[in-house]
Structure formats: C-alpha cells, structure tokens
Amino acid sequence: MAKLEILEFPDPRLRTVAQPVTQFDAALARLVRDLFETMYDAPGIGLAATQVDVHRQLLVCDVSEDHDQPRVLANPRIRRRQGTQTYQEGCLSVPGIFADVERALVVTVEAQDAEGRPFTLEADGLLAVCIQHEMDHLAGKLFVDYLSPLKREMVRRKLEKRHRQAASA
Ligand code: NI
C-alpha cells in the first residue's frame with residue numbers, strides 16, 4: 001500500500017471532471033487500498049480519486065469511529081434526495097477550513113463496488129453528507145464553492161500563503 005499526495009485548493013487539477021471507472025482490475029483494487037490508507041492516515045472520513053489526481057469516478061468513505069465501515073463507490077449516481085441538513089464541513093484538500101454547507105438529509109445512491117458489482121445505498125446524516133461532498137469532487141467541485149465569493153477568496157489567500165510558507169521553510 002502507499003500513501004498518496006492530496007491536491008490542495010486552489011490547485012486547478014481539483015477542477016477536473018472524472019471519467020467513469022470501466023476497468024475493475026488489480027490496478028483499481030490497489031488504488032482503492034491506497035485511497036483508504038491515505039484517508040485514514042490524514043485522518044479524514046472521505047476521499048475522492050480526484051483529490052489524488054486520478055480522474056475516475058471513484059470515492060471511498062468511512063464515517064465510523066473505529067474505521068470499520070469502509071465503503072467504496074465507483075460510478076455513483078444519486079437517484080433520490082430527501083430533506084435538507086446543514087453540517088460544518090471540512091476537506092482534506094482545503095486543510096484547516098470549516099464551513100456550514102446545506103445538503104440533502106437522505107440520498108439514495110446507485111454505485112458499483114471495487115469488483116464492479118452494482119448496489120443501491122440509502123444514506124442519511126453524516127454518511128449522506130460525506131457521499132455528496134465526495135461526489136462533488138468527482139464533478140470538479142469543492143465545498144468552498146458554496147461559500148460567498150468573498151469568503152472563498154479569503155480561503156484561497158490563506159491557503160496560498162500557507163503553501164508559500166511551506167515552500168520557503
Ligand atoms: Ni473534500
């Protein structure tokens with residue numbers, strides 16, 4: 001297994017729209033393992049392939065305390081949305097920034113697992129937030145896009161300053 005580098009906002013590669021997963025092979029299985037290792041190490045509750053510069057419709061998440069509910073969603077599609085909830089979100093690609101985002105409370109998602117087997121998942125609460133957040137990544141979208149332009153600009157400056165400091169350290 002290998003820990004992968006996570007792209008950080010405002011890296012333009014995070015804006016890439018992912019292509020469908022078509023090969024459910026050993027390389028995909030390795031990518032899934034690496035995504036989990038990278039996510040758990042960060043630590044985070046979700047990671048999209050986009051964030052490690054792989055532009056395929058693949059995400060992993062685990063919202064459990066004990067890291068015992070790993071989920072893999074390839075080619076996810078939301079078939080139904082019900083209700084709304086607001087959750088203070090963060091993102092491994094936007095480190096140190098947290099903001100309220102309104103999303104559906106319950107989502108019914110069709111996806112494929114790491115072996116290509118189709119399944120339907122009804123998710124609510126934090127898992128629903130996580131899946132919607134990671135699916136945004138696959139569309140080249142970030143949670144800061146829901147903020148006002150002014151707030152987003154502040155986030156961009158803050159992270160660029162941090163990147164410059166890291167580069168000169
Ligand atoms: Ni994220």
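Reader: Okay, so helices are DSSP runs of H or I with at least four residues, strands are runs of E with at least two, and both are numbered from the N terminus. Where does Pro43 lie, then?

Author: Pro43 lies in the loop between α1 and β1. Before going on: this is a predicted model, where local features need pLDDT of at least 70 and side-chain atom pairs count only at pLDDT 80 or more, while totals for chains, interfaces and linings use all residues. Residues are numbered from 1 along each chain as its sequence is written, and side-chain values use heavy atoms, with hydrogens and water left out.

Reader: Got it. What's the peptide bond from Ala42 to Pro43 like, cis or trans?

Author: That bond is cis, with omega near -5°. The bond from Phe9 to Pro10 is cis too, with omega near 5°, and Pro10 sits in the segment before α1, residues 26-41.

Reader: Switching to strands. Which way do β1 and β2 pair?

Author: Antiparallel, over three bridges, with β1 covering residues 46-48. Two strands count as paired if DSSP finds at least two bridges between them. Gly46 stands opposite Cys61 in β2.

Reader: And how many bridges join β2 to β3?

Author: Four, and those strands also run antiparallel, with β3 taking in residues 71-89. Across that pairing, Leu58 is opposite Ala74 in β3.

Reader: Which way do the residues of β2 point?

Author: Leu58 and Val60 point one way, Leu59 and Cys61 the other, and all of them are buried. Buried is under 20% relative accessible area, exposed is over 50%, and partly exposed is in between, using a 1.4 Å probe and protein chains only. In a regular strand, side chains alternate between the two faces of the sheet.

Reader: Nice. What about the metal: which residues are the protein donors of the nickel ion?

Author: Cys91 through SG, plus His133 and His137 through NE2, at 2.1 to 2.2 Å from the nickel ion. Donors are N, O and S atoms within 2.8 Å of the metal (3.2 Å for Na, K and Ca), and sites may look incomplete because water is not among the atoms.

Reader: Why does the pair Cys91 and His133 tie together parts that are apart in sequence?

Author: Cys91 lies in the loop between β3 and β4 (99-112) while His133 is in helix α2 (residues 125-138), so the pair links parts that are 42 residues apart in sequence. Both Cys91 and His133 are buried.

Reader: How many residues of α2 are buried?

Author: Twelve of the 14, so α2 is largely enclosed by the rest of the structure. His133 and His137 are among the buried ones. The buried residues pack against β1, β2, β3, β4 and β5 (118-124), where contact means heavy atoms within 4.5 Å.

Reader: How far apart are the end C-alpha atoms of α2?

Author: They are 21 Å apart, which agrees with the 20 Å that 14 residues should span at 1.5 Å a residue. That expected span is 1.5 Å times one less than the number of residues in the helix. Just after α2, Gly140 takes a positive phi of about 80°.

Reader: Which residue has a positive phi of about 65° although it is not a glycine?

Author: Asp53 does, and Asp53 is in the loop between β1 and β2. Its relative accessibility is 34%, so Asp53 counts as partly exposed. His67 has a positive phi as well, about 55°, in the loop between β2 and β3. His67 is partly exposed, with a relative accessible area of 40%.
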